[in-house]
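Please keep the 3D view open as you read.

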Amino acid sequence: MAEELLVKKGSKEDMYEMLLPQIEGLLAGETDTIANMANVTAALKQVFDFFWTGFYIVKDGVLVLAPFQGPIACTRINYGKGVCGTAWKEARTLIVPNVDEFPGHIACNAASKSEIVVPLIRTNKVVAVLDIDSDYYNSFDTTDAKYLERICGLIF
Ligand code: SME
């Protein structure tokens, strides 16, 4: 396992392209989900310095807080609630340019302005979500969705 990530500042696409093989290397040979989620959140935090980056895992019919980087956060989110619960219900990536305009958005931290949530789907079921919050509006687009979906595909 490499000890350090090397990603030069550049376009978002270029940075994800540099990061993706390094995350593949980081996760290769490790099957523990929590360990892999922990390293993915650390890698995304280090490279992009998002305000909050973390996972919620589906446990007993509710999303429960899992490895994350950033300020303390809500521990449980119900099915269909907030951006995370909606991404779980709809089993698709949700990009929210302005959280104030998302009905039912759960404000774990008032500093969050935009958000992306990517579901992790295994055997046709959502088993977890990756949630990333930015303290700027309009931080996420289809480039983030494309690469974050690929990164989530490496976990489990
Ligand atoms: N904003 C999320 C809740 C999780 S926190 O942002 C970490 C939502 O609406 O589901």
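A cavity is a set of grid points where a 1.4 Å probe fits but cannot get out, and its volume is the space filled by probe spheres set on those points. The model shown here is predicted. It holds 1 cavity of 30 Å³ or more, and the largest cavity has a volume of about 150 Å³. Among the 18 residues that line this cavity, Ile 106, Cys 108, Glu 115, Asp 131 and Asp 133 are the closest to its centre. Strand 1 (52–59), helix 3 (82–90) and strand 6 (125–134) each give two or more residues to the lining. The table sorts that lining by residue class.

| Class of lining residue | Number of residues |
|---|---|
| Nonpolar | 12 residues |
| Polar | 3 residues |

Is Ser 134 buried or exposed? Ser 134 counts as buried because its relative accessibility is 5%, where the cut-off is under 20%. Beyond its neighbours within four places in sequence, Ser 134 is in contact with several residues, including Phe 51, Ala 111 and Phe 140. Val 99 lies 35 residues from Ser 134 in sequence, with 9.9 Å between their C-alpha atoms.

Now turn to helix 2. Its 16 residues, 33–48, reach 22 Å from first C-alpha to last, close to the 22 Å expected at 1.5 Å a residue. The buried residues of helix 2 include Met 37, Val 40, Leu 44 and Phe 48.

Definitions and conventions: Residues are numbered from 1 along each chain as its sequence is written. This is a predicted model: local features need pLDDT of at least 70, side-chain atom pairs count only at pLDDT 80 or more; totals for chains, interfaces and linings use all residues. Side-chain values use heavy atoms; hydrogens and water are left out. On a 1 Å grid over the protein atoms alone, a cavity is a set of points where a 1.4 Å probe fits but cannot get out, and a pocket is an open set with protein on both sides within 12 Å along at least five of seven lines; lining residues have an atom within 4 Å of a point. Helices (H or I, at least four residues) and strands (E, at least two) are DSSP runs, numbered from the N terminus. Ala, Val, Leu, Ile, Met, Phe, Trp, Tyr, Cys and Pro count as nonpolar, Asp, Glu, Lys and Arg as charged, and the others, Gly among them, as polar. The expected span of a helix is 1.5 Å times one less than its number of residues. Buried means under 20% relative accessible area, exposed over 50%, partly exposed in between (1.4 Å probe, protein chains only). Contact means heavy atoms within 4.5 Å.
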